[in-house]
Amino acid sequence: MIETLGDWDAHLADEFNKSYMQSLQAFLESERATKTIYPDSSEYFSALIATPFHKVKVVILGQDPYHGAGQAHGLSFSVKPGVKVPPSLVNIYKELNADLNIAPVDHGYLLSWAEQGVLLLNSVLTVEASKAGSHQDKGWEAFTDKIIEVINQEHDGVVFMLWGAYAQKKGRHIDRDRHCVLESVHPSPLSAYRGFLGSRPFSRANQYLLSIGKTSIDWRLSPIDDEITENATSQIHLPF
């Protein structure tokens, strides 16, 4: 069991007593005994720890964690300092540059977005090494559906960025009268040129937030330095 997820506890603590979550925990313990699983178990809930419930302004919904060595650390689309920027994130940076004239950085570490209220949430929070989709339909989807449900019901004026059919299906119950939903194709190289590039999600999100009296997101990313790299490895995460 986890100890605490901060102010998410009031909304999610009961989930850990449900049969689907207990089955998921047993599955993960079994998998970890013989296989390499990403991210590390201490980082499964990094997105929730980095972005407390009360701070959520934007949700960027991913699917699975990256399944390559050293990539996943619990934030969707983000990779640890020193890891090559993945192709989808390269396209996110391209759109960020075109949209807000923010030049790409040479890393893919998105913690500063999360700390401002951008919940970088994957639908499935674990994956077996080199096997994309290997932990789908094991229970994570029910847990992350609950996260979206409580944001939808108990927040107002959240921007949901739903990139690709998978994310759009997962977000189908979001109340679009109370929230801003920005949809496009996925930023993957296979689809980005069919509508992600040119969709201007970052400026549109900020325009919406400002229009309802919230502060905007500073989408700029700082170069990685020794302090940021140290923080990346010293974040307090809780095991599951």
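I call a residue buried under 20% relative accessible area, exposed over 50% and partly exposed in between, computed with a 1.4 Å probe on protein chains only. The model is a predicted one, so I note that local features need pLDDT of at least 70 and side-chain atom pairs pLDDT 80 or more, whereas totals for chains, interfaces and linings use all residues. Residues are numbered from 1 along each chain as its sequence is written, and side-chain values use heavy atoms, with hydrogens and water left out.

I took helices (H or I, at least four residues) and strands (E, at least two) as DSSP runs numbered from the N terminus. Most residues other than glycine have a negative phi, and most peptide bonds are trans. I looked up F77 and found a positive phi near 70°; F77 sits in the loop between β2 and α4 and is buried, at 9% relative accessible area. S130 also has a positive phi, near 65°, but this residue, in the loop between β4 and α6, is exposed at 61%. The peptide bond from Y38 to P39 is cis, with omega near -10°, and P39 belongs to the loop between β1 and α3.

**Helix α2.** I listed its buried residues as Y20, M21, L24, Q25, F27, L28 and E31. The face turned away from the buried side carries exposed S19, A33 and T34. Counting contact as heavy atoms within 4.5 Å, I found β1, β4 and α6 among the elements that cover the buried residues.

**Salt bridges.** I counted a salt bridge where a side-chain nitrogen of Lys or Arg lies within 4 Å of a carboxyl oxygen of Asp or Glu, and the structure holds 11 of them. One joins E128 and K35, with the closest N and O atoms 3.8 Å apart; because E128 lies in strand β4 and K35 in the loop between α2 and β1, this pair ties together parts 93 residues apart in sequence. E128 is buried at 11%, while K35 is partly exposed at 35%. I also noted that E31, K35, E128 and K131 are linked in a network of salt bridges.

R200 and D99 form another salt bridge, at 3.5 Å from N to O. R200 is in the loop between β6 and α8 and D99 in helix α4, so the pair ties together parts 101 residues apart in sequence. D99 is buried at 12%, and R200 is partly exposed at 37%.

**Helix α8.** What packs around this helix? I found that the buried residues of α8 pack against β2, α4, α5, β5 and β6. Those buried residues are P201, F202, S203, A205, N206 and L209, and α8 is followed by G213, with a positive phi near 85°.
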